[in-house]
Amino acid sequence: VIFGRPGSGKSSLAERLGADFGYRLVRTGELLRDAVRRRDFLGQRVEAHVAKGDLVPDPLMFELLEKSLTAPVAEKLLFDGFPRTIGQVHRLETIQQHLRFEIDAYLDVAVERDVAVARMTGRRVCPQCGATYHLVTHPPRVPETCDIDGAPLENRKDDRMEVVVFREDLYDRNAPEMLRYYQERHAERYFEVDGNQAFEAVYDAARTALRLSS
Ligand SMILES: [Zn+2]
């Protein structure tokens, strides 16, 4: 399981670990999208919530999750960004008991809030060609202008300050209790890497912590 606040880079890390070491990524957003696409009984229930703009309630979410994990012991799974709350931790434990699997490692990509906010609000995208920039790590040659076609860059809707702050607040409300729980119960399987570093350094630290060698 990989944890990290929005802007921690945990999803990029999960993708890289998945590609390099053969993990299947498990993400709630994808579970929901797949269910809606299938349009089966669970999918229709998910769609009813999504259409109203509501969050999908945990019981339904975890029903979907359990269905998607047909052979968790035989598969190499990587949970990207969930559980998110202590309530979800307990629901996941129930599924672990049903399907008889253990979680080998809990990896927290620890990033300071200010760093995460700067990363997220610094992203820019060109509406014309789709090129992406970052004010800090990959700035355009002319401020707010696409290098390729000169179009004015845009801030993705998700990256606007109030949305970012809302998501960080949500994380700060829920994550500490959950992380403490895992730290106390599974100290020998709990690892923290410094996510304030550049991506390659975070990747190397994660590999070392998880004892993954290429
Ligand atoms: Zn462009």
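Gly18 counts as buried at 10% relative accessibility, where buried denotes under 20% relative accessible area, exposed over 50%, and partly exposed the range in between (1.4 Å probe, protein chains only). The model is a predicted one, in which local features need pLDDT of at least 70 and side-chain atom pairs count only at pLDDT 80 or more, while totals for chains, interfaces and linings use all residues. Residues are numbered from 1 along each chain as its sequence is written, and side-chain values use heavy atoms, with hydrogens and water left out.

Gly18 is found in helix α1, residues 10–21; helices (H or I, at least four residues) and strands (E, at least two) are DSSP runs numbered from the N terminus. With neighbours within four places in sequence set aside, Gly18 is in contact (heavy atoms within 4.5 Å) with Tyr23, Leu25 and Leu78. A separation of 30 Å lies between the C-alpha atoms of Gly18 and Asp54, which are 36 residues apart along the chain. Helix α1 also holds Lys10, a residue that is buried with a relative accessible area of 16%. Not counting residues up to four places away in sequence, Lys10 touches Ile2, Phe3, Gly4, Asp80, Gly81 and Val109. The side chain of Lys10 also makes a polar contact with that of Ser11, at 3.5 Å. A polar contact is a pair of N or O atoms within 3.5 Å; within protein, one must be able to donate a hydrogen and the other to accept it, and residues adjacent in sequence count only if both atoms are side-chain atoms.

In helix α3 (residues 41–51), Leu42, Gly43 and Val46 are buried. Seen down the axis of α3, these buried residues fall within an arc of 95°, so they line one face of the helix; the arc is that of the directions from the helix axis to the C-beta atoms. The cover over the buried residues of α3 includes α2 (28–38) and α4 (58–68). Phe41 and Ala51, on the other side of α3, are exposed. Just after α3, Gly53 takes a positive phi of about 80°.

Helix α6 (residues 113–121) has Ala116, Val117, Met120 and Thr121 as its buried residues. They cover an arc of only 115° around the axis, which puts them on the same side of α6. Among the elements that cover them are β5 and α7.

Strand β4 (residues 106–110) is largely enclosed by the rest of the structure, because four of its five residues are buried. Strands are taken to pair if DSSP finds at least two bridges between them. Strand β1 (residues 2–4) pairs with β4 in the parallel sense over three bridges, and Ile2 stands opposite Leu107 in β4. Strand β7 (residues 190–194) runs parallel to β4 and is joined to it by five bridges; here Asp108 stands opposite Glu192 in β7.

The zinc ion is coordinated by Cys126 (SG), Cys129 (SG), Cys146 (SG), Asp149 (OD) and Asp149 (OD), at 2.3 to 2.6 Å. Donors are N, O and S atoms within 2.8 Å of the metal (3.2 Å for Na, K and Ca); water is not among the atoms, so sites may look incomplete. Along the chain, the donors of the zinc ion follow the spacing C-x2-C-x16-C-x2-D. Cys129 lies in the loop between β5 (123–125) and β6 (132–134) and Cys146 in the loop between β6 and α7 (161–185), so the pair ties together parts that are 17 residues apart in sequence. Relative accessible area is 3% for Cys126, which is buried, and 4% for Cys146, also buried. Cys129 is partly exposed, at 38%. With a disulfide taken as a pair of cysteine sulfur atoms within 2.5 Å, the count comes to zero.

Arg100, a residue other than glycine, has a positive phi near 55°.
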